[in-house]
Amino acid sequence: MTGAWQPTPGAALTDRELQYLRLMADGHTRDSAARAMGITVGGANHHARHVLIKLDAASMAQAVWKARRLLARHPPDDTPTTCPTGCAGDRSAYRQHRRRGETACAASRRANAAHTQQYRQNRSTAA
């Protein structure tokens, strides 16, 4: 498609692209994501292409990985800092949220990100 508009790397994702990315992160295939979004597979391919370009990713797995890293560093502003379930806001609470299929609260996400970062640092110095 020469002459067609193409997104630029680093551009913000649209709501539909974010929805598609979340479905892919949850383990959907392009076909099942298309069905869940009520669009054709061609529409899903369109969203996939834009997500890959905007996140400068070579694959959808890499795009999901990059998105998770960005969200761990910069949680959305609408995410409560205290958990409505009254969790402890630590790494075990993060894992409990994820097992129940919930969006983890900001406090437990930060605790999990800090744990992961510390683990990687310890692993790199031990090698």
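Guide: Ala25 is partly exposed, because its relative accessible area is 26%; buried means under 20%, exposed over 50%, and partly exposed in between, with a 1.4 Å probe and protein chains only. This is a predicted model, in which local features need pLDDT of at least 70 and side-chain atom pairs count only at pLDDT 80 or more, while totals for chains, interfaces and linings use all residues. Residues are numbered from 1 along each chain as its sequence is written, and side-chain values use heavy atoms, with hydrogens and water left out.

Ala25 belongs to helix H1 (residues 15–25); helices (H or I, at least four residues) and strands (E, at least two) are DSSP runs, numbered from the N terminus. Leaving out residues up to four places away in sequence, Ala25 touches Val64 and Arg68, where contact means heavy atoms within 4.5 Å. Ala25 and Ala61, 36 residues apart in sequence, have their C-alpha atoms 8.0 Å apart in space.

Two packed helices are described by the angle between their axes and the distance between the axes. H1 packs with helix H3 (residues 41–54) at about 95°, and their axes are 9 Å apart; axes are lines fitted to C-alpha atoms, for helices over the stretch in contact, and angles run from 0 to 180 degrees between N-to-C directions. H1 is therefore roughly perpendicular to H3, a term for angles of 65 to 115 degrees; under 35 is roughly parallel, over 145 roughly antiparallel, and the rest oblique. On the H1 side, Arg16, Glu17, Tyr20 and Leu21 make the contact, and on the H3 side Ala44, His47, Ala48, His50, Val51 and Lys54 do. By class, these residues are five nonpolar, two polar and three charged; Ala, Val, Leu, Ile, Met, Phe, Trp, Tyr, Cys and Pro count as nonpolar, Asp, Glu, Lys and Arg as charged, and the others, Gly among them, as polar.

A second pair can be described in these terms. The axes of H5 and helix H6 (residues 106–126) come within 7 Å and cross at roughly 115°. H5 and H6 are therefore roughly perpendicular to each other. Arg91, Ala93, Tyr94 and His97 of H5 meet Ser108, Arg109, Ala111, Asn112 and His115 of H6. This contact has three nonpolar, four polar and two charged residues.
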